[in-house]
Amino acid sequence: LKTVSNTLHNYDNGRISSNLWSKPEYDFGDIERLIDIDSYLSQSFQKKINLFFKEGYEFVGENEDINEYVVKRLKQICRQSKTTLAEFIARMRQDLVKFSNIYILVVRNEAASGGYSYKDKMSRKKYDPIAGLFILPAPTVEQQLDKKSQVIKYRQYINGQEEVKKEFSPEQIIHISLNKKSGFTSGTPRVVSVIEDIKALRRIEENVEILIVQNIFPIIHYKVG
């Protein structure tokens with residue numbers, strides 16, 4: 001896995017330059033590829049995902065009116081985002097199990113929302129109500145850090161036939177993480193500790209396969225006289 005030291009970060013006396021884009025501390029793309037090609041890892045993730053909401057889920061709180069309003073607004077937001085609440089929660093569950101990180105893009109638009117604008121009491125800044133929530137694929141997310149290792153900007157980078165680069169401010173991204181280490185910007189995926197073991201096991205299997213192919217049908221040369 002790529003760590004902070006071998007990403008695009010530019011170190012200068014222990015501080016990080018703020019003029020470069022970098023991936024989070026862990027290579028989520030590598031994890032995604034391993035899940036696709038390793039059957040045991042894929043099955044273990046699928047079982048974990050299925051067990052996540054085995055008993056279902058519910059929204060709870062002391063004020064029942066607030067609970068109903070939250071569910072109502074989430075359904076409105078999901079409708080505007082061309083998805084359902086169940087699908088949105090399922091996608092969150094999947095990324096949380098795989099990567100221990102979820103990146104949610106927040107789109108605000110008063111005309112397309114059933115909510116109300118509000119003003120932050122600390123910054124006195126006015127915010128439009130949320131109209132849409134979109135989960136960004138974790139392997140495509142890049143970030144820009146300041147000298148204090150704080151995220152000052154996010155970017156979705158998709159390298160393909162038509163290169164896509166979309167930048168977002170920290171206010172536009174909700175980042176949910178698990179097992180975050182001190183000084184890190186992202187949570188530590190649980191699969192990190194077994195990735196090298198999986199790769200070593202596959203190399204051993206490949207070498208055994210080559211050994212079998214080379215020796216199962218030996219070539220015998222007879223010399224007469």
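Contact here means heavy atoms within 4.5 Å. By that criterion, and leaving aside neighbours within four places in sequence, Ser-100 is in contact with Asp-95, Ile-176, Ser-177, Leu-178, Asn-179, Gly-187, Thr-188, Pro-189 and Arg-190. The structure is a predicted model, in which local features need pLDDT of at least 70, side-chain atom pairs count only at pLDDT 80 or more, and totals for chains, interfaces and linings use all residues. Residues are numbered from 1 along each chain as its sequence is written, and side-chain values use heavy atoms, with hydrogens and water left out.

Ser-100 is found in the loop between α4 and β4. Helices (H or I, at least four residues) and strands (E, at least two) are DSSP runs, numbered from the N terminus. With a relative accessible area of 2%, Ser-100 is buried. Buried means under 20% relative accessible area, exposed over 50%, and partly exposed in between (1.4 Å probe, protein chains only). Ser-100 and Thr-188 are 88 residues apart along the chain, yet their C-alpha atoms are separated by 6.3 Å.

Ser-177, one of the residues in contact with Ser-100, lies in strand β11 (residues 173-177). Ser-177 has a relative accessible area of 24% and is therefore partly exposed. Residues up to four places away in sequence not counted, Ser-177 touches Ser-100, Asn-101 and Gly-187. Ser-177 and Leu-133 are 44 residues apart in sequence, and the C-alpha to C-alpha distance between them is 17 Å.

The interior was examined next. In soluble globular proteins, nonpolar side chains tend to be buried together. A nonpolar core is a set of buried Ala, Val, Leu, Ile, Met, Phe, Trp, Tyr and Cys residues joined through side-chain atoms within 4.5 Å. The largest such core has 23 residues. Those with the most contacts inside this core are Phe-28, Ile-31, Leu-41, Tyr-103, Leu-136, Tyr-154 and Ile-173. Two or more residues are given to this core by each of α1 (28-37), α2 (39-52), α4 (85-99), β4 (101-108), β8 (141-145), β9 (151-158) and α5 (192-216). The largest share, 4 residues, comes from α1. Another core, of 12 residues, lies apart from the largest one; Ile-77, Leu-85, Ile-89 and Val-106 are among its members.

Neighbours within four places in sequence aside, Leu-136 is in contact with Arg-91, Asp-95, Tyr-103, Leu-105, Val-141, Gln-156, Phe-168 and Ile-173.

Helix packing was then described. Two packed helices are described by the angle between their axes and the distance between the axes. Axes are lines fitted to C-alpha atoms, for helices over the stretch in contact, and angles run from 0 to 180 degrees between N-to-C directions. α1 and α5 pack at an angle of about 45 degrees, with their axes 12 Å apart. These two helices, α1 and α5, are therefore oblique to each other. Angles under 35 degrees count as roughly parallel, over 145 as roughly antiparallel, 65 to 115 as roughly perpendicular and the rest as oblique. The crossing of α1 and α5 is left-handed. A crossing is left-handed if the near helix is turned anticlockwise from the far one by less than a right angle, and right-handed if clockwise. Asp-30, Ile-31 and Leu-34 of α1 make the contact with Ile-195, Ile-198 and Lys-199 of α5. These residues divide into 4 nonpolar, no polar and 2 charged. Ala, Val, Leu, Ile, Met, Phe, Trp, Tyr, Cys and Pro count as nonpolar, Asp, Glu, Lys and Arg as charged, and the others, Gly among them, as polar.

For α2 and α4, the packing angle is about 135 degrees and the axes are 10 Å apart. α2 and α4 are therefore oblique to each other. α2 passes α4 in a right-handed crossing. Phe-45, Lys-48, Ile-49 and Phe-52 of α2 meet Arg-93, Gln-94, Leu-96, Val-97 and Lys-98 of α4 in this contact. The contact residues comprise 5 nonpolar, 1 polar and 3 charged.

Two loop residues other than glycine have positive phi values. Lys-82 has phi near 65 degrees, and is found in the loop between α3 (64-80) and α4. Lys-82 is exposed, with a relative accessible area of 77%. Ser-149 has a phi of about 65 degrees, and its place is in the loop between β8 and β9. At a relative accessible area of 25%, Ser-149 is partly exposed.
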